[in-house]
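These are my notes from a look through one structure. I wrote down each item as I looked it up.

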Amino acid sequence: MRPTRTVSILAALSLMALAGCSDDGPPDPSPSPSASSASPSPSPTAGSPSTSPTNSPTVRPSVPSGFSLDDVSSPGFPNLGGDLGGIGVVRVGRHAGYDRVVWQFPGSGRPTYQVRYVDEPTADGSGDVVDVRGAAYLEVLITTVGIPAPGTPPPEDASASSIAGTVIEQAMPVYGGFEGYGQSFVGVRDRQRPFKVTVLTSPTRLVVDVYSG
């Protein structure tokens with residue numbers, strides 16, 4: 001009886017030992033390689049200084065005060081102005097930031113005028129196309145222009161030497177008027193450019209300044 005009991009006790013102890021081993025919990029999970037590795041740096045967002053282009057805007061010089069592409073008319077136009085005579089001699093001069101076209105008249109009357117860009121230069125009265133050199137055309141209407149004295153030759157265009165280096169391609173004189181309106185054209189070399197108009201006296205002059213900046 002004792003040996004059998006001893007064997008039974010030993011068997012029971014063995015079973016308890018095995019049960020104790022099976023009660024051990026699972027080992028702590030080791031960190032995965034992805035969890036232990038450093039997280040990637042955030043990618044730069046669109047528009048950040050490192051990814052956006054750094055193109056600087058083109059800076060254009062400002063147009064001086066008084067210059068515009070708009071039509072310019074004197075307060076009295078289209079009413080006739082003072083007597084200017086029958087001829088307006090033209091000349092061109094260079095200045096800082098603009099080129100000046102001047103029509104000088106023999107009369108002392110106060111003129112009225114209209115200056116504007118036109119798509120096609122056409123003669124007042126006949127409607128014929130006028131051949132004007134340039135890429136843009138300023139039409140100048142001025143009153144009151146009479147009829148030149150018989151035998152008076154028409155004045156010449158502004159000289160080539162005076163327009164050299166300017167934005168003016170051609171500037172025509174005023175020779176007589178149609179119903180009191182004298183007409184001239186200014187050909188601008190490259191494009192429509194802002195301009196301004198003034199009247200000077202002693203002698204009487206109409207001045208158109210064309211922006212050259």
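Predicted model: local features only at pLDDT ≥ 70, side-chain atom pairs only at ≥ 80, totals over all residues.

**Entry 1: strand β5 and its partners**

Strand β4, residues 112-118, is joined to β5 by seven bridges, and the two run antiparallel. Tyr137 also has a bridge partner in β8, namely Gly187. Between β5 and β8 I found seven bridges, again with an antiparallel run.

Next I asked which residues of β5 point one way and which the other. Ala136, Leu138, Val140 and Ile142 point one way, while Tyr137, Glu139, Leu141 and Thr143 point the other way. I noted the general rule that side chains in a regular strand alternate between the two faces of the sheet. Both sets in β5 are buried.

Why is β5 largely enclosed by the rest of the structure? Buried means under 20% relative accessible area. Eight of the eight residues of β5, residues 136-143, are buried, so the strand is largely enclosed.

**Entry 2: the largest pocket**

I looked up the largest pocket and found about 200 Å³ of space in it. It is lined by 13 residues, and Pro173, Tyr175, Gly176, Gln183 and Ser184 are the closest to its centre. Strand β8, residues 182-188, gives the largest share of the lining, with three residues. I sorted the lining by class and got eight nonpolar, four polar and one charged residues.

**Entry 3: Leu200**

I picked Leu200, which lies in strand β9, residues 195-200. Is Leu200 buried, partly exposed or exposed? Its relative accessibility is 31%, so Leu200 counts as partly exposed.

Leaving out residues up to four places away in sequence, Leu200 touches Arg205 and Val207. I also looked up Leu200 and Val102, which are 98 residues apart in sequence. In space, their C-alpha atoms are 9.7 Å apart.

**Entry 4: the whole chain**

I finished with the chain as a whole. It has three helices and 10 strands. From the N terminus on, I read the order of elements as α-α-β-β-β-β-β-α-β-β-β-β-β.

Of the 213 residues in the chain, 35% are buried. The chain exposes about 13,300 Å², and carbon and sulfur atoms supply 56% of that area. I also looked at contacts with a separation of 6 or more: residues 24 or more positions apart account for 70% of them.

Key
Residues numbered from 1 in each chain as written. Heavy atoms only, no water. 1 Å grid on protein atoms, 1.4 Å probe; cavity = no way out; pocket = protein on both sides within 12 Å on 5 of 7 lines; lining within 4 Å. Points joined across faces, edges and corners; volume = space filled by probe spheres on them. Helix = DSSP H or I, 4+ residues; strand = E, 2+ residues; numbered from the N terminus. Nonpolar A, V, L, I, M, F, W, Y, C, P; charged D, E, K, R; others polar. Buried < 20%, exposed > 50% of the residue type's maximum accessible area, 1.4 Å probe, protein only. Pairing = 2+ DSSP bridges. Contact = heavy atoms within 4.5 Å. Areas by Shrake-Rupley, 256 points an atom, 1.4 Å probe, with all protein chains shown as cover.
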